[in-house]
Amino acid sequence: MIEARELTKRYGDKTAVDRLTFTVRPGLVTGFLGPNGAGKSTTMRMILGLDAPSSGTVTVNKRRYDRLAAPLREVGSLLDAKSVHGGRSVRQHLLGLARSNAIPRSQVDAVLDRVGLSEVANQRAKGLSLGMGQRLGIAAALLGDPEVLILDEPVNGLDTEGIRWIRALLKSLAVQGRTVFLSSHLMSEMELTADRLIVIGRGRLLADTDMREFIETHSQGTTLVRTADSEAERMRQLLERAGGTVRLDARGGWRVAGIPPATIGELAREHHVAVHELTPLFSSLEEIYTTMTRTSVEYRGSTQDTKELIP
Ligand SMILES: Nc1ncnc2c1ncn2[C@@H]1O[C@H](COP(=O)(O)OP(=O)(O)OP(=O)(O)O)[C@@H](O)[C@H]1O
């Protein structure tokens, strides 16, 4: 479990993290979202004792990171996969970490196997592809068999198969009862992987919620209605007369806004139209997130393709 209370980080007069309070619970994958510069990395660095809070607290399993007796055995992290010493072999890198954290050597081969790097164990870390480097970073995070995992952009550089692999891995770690906290800019991936969401903007908490609930609450509330082709036009007229906004869906059928699905069903029954499909449609996480963070995006490319500060 990770608990942040009024966590704040200031760099000079810049407040990177602003009174953040949240709890990341065990047994779930929690996604950490926010636009560039929102304060995600700074928050993760404070959880891991790499940055000191200006005020507030953050604990892992009720203790500050620097008070943990064997940190790597309690918290595994992946912050920057490139921070590996390039001259060492993959196995040597992990053996060094194991030695300095009193982790049995046998764990090294176990994690190499788990992340699919056994065959390149004797290769120099420097020669690894971006995706393999990312797997090595994940191996290091798993080395101490920790209860808590903190991963900053873990799917960076991974191909489709790698992304699917990490999705399954993170879910299985959560099912084992571990706390899994990850950031990613890939919304579709986050939607598939995370059970809960913490969204920040300009260092402040925007949402701390269950993923499904977040999507259902913030969706636009449209319904896909399909009938036989011969009835489609009549159905459209009925829906519009009842106050709905009706658009043709790309895959056929009508996309209806402004009338709840139950009312659409009753309307069809009343007018003896056989409905072939009646599906409530949810917005994607990306659509909702983009709307929510639009006002809290710190930097955006201007028309001259330079970066400008949004006041
Ligand atoms: N060492 C530092 N000194 C000064 N400012 C910093 C420092 N580290 C981060 N910041 C500032 O704090 C803010 C939050 O940065 P942070 O890297 O935590 O954001 P982020 O959400 O991780 O962004 P990204 O998605 O781009 O990685 C930014 O405005 C950044 O410029």
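In this predicted model, Leu78 has Leu151 of strand S6 as its bridge partner. Strand S6 (residues 148-152) is paired with S5 in the parallel sense, and 4 bridges connect the two. Helix H5 (residues 130-142) packs on the sheet and touches both S5 and S6. The direction of H5 makes about 165 degrees with that of S5.

The sheet is open and consists of 6 strands, arranged in the order S5-S6-S7-S3-S8-S9 with mixed pairing. Strand S5 (75-78) and strand S9 (204-210) form the edges, each pairing on one side only. From one strand to the next, the twist averages 15 degrees. Helix H8 (residues 211-218) lies across S9 and strand S8 (196-201), and H8 runs at about 105 degrees to S9.

The ligand is surrounded by Tyr11, Lys14, Ala16, Gly34, Asn36, Gly37, Ala38, Gly39, Lys40, Ser41 and Thr42. At least two residues of this shell are supplied by strand S2 (14-24), and at least two by helix H1 (40-47). H1 makes the largest contribution to the shell, with 3 residues. By residue class, the shell around the ligand comprises 6 polar, 3 nonpolar and 2 charged residues.

At the level of the whole protein chain, the domain assignment gives two entries, domain 1 (2-216) and domain 2 (220-281). The C-alpha centres of domain 1 and domain 2 are 45 Å apart.

Notes
Residues are numbered from 1 along each chain as its sequence is written. This is a predicted model: local features need pLDDT of at least 70, side-chain atom pairs count only at pLDDT 80 or more; totals for chains, interfaces and linings use all residues. A residue is near a molecule or strand if its C-beta atom, placed from the backbone, lies within 6 Å of it. Ala, Val, Leu, Ile, Met, Phe, Trp, Tyr, Cys and Pro count as nonpolar, Asp, Glu, Lys and Arg as charged, and the others, Gly among them, as polar. Domain bounds come from an automatic or database domain assignment. Two strands pair if DSSP finds at least two bridges between them. Axes are lines fitted to C-alpha atoms, for helices over the stretch in contact, and angles run from 0 to 180 degrees between N-to-C directions. Two residues are in contact if their C-beta atoms, placed from the backbone, lie within 7 Å.
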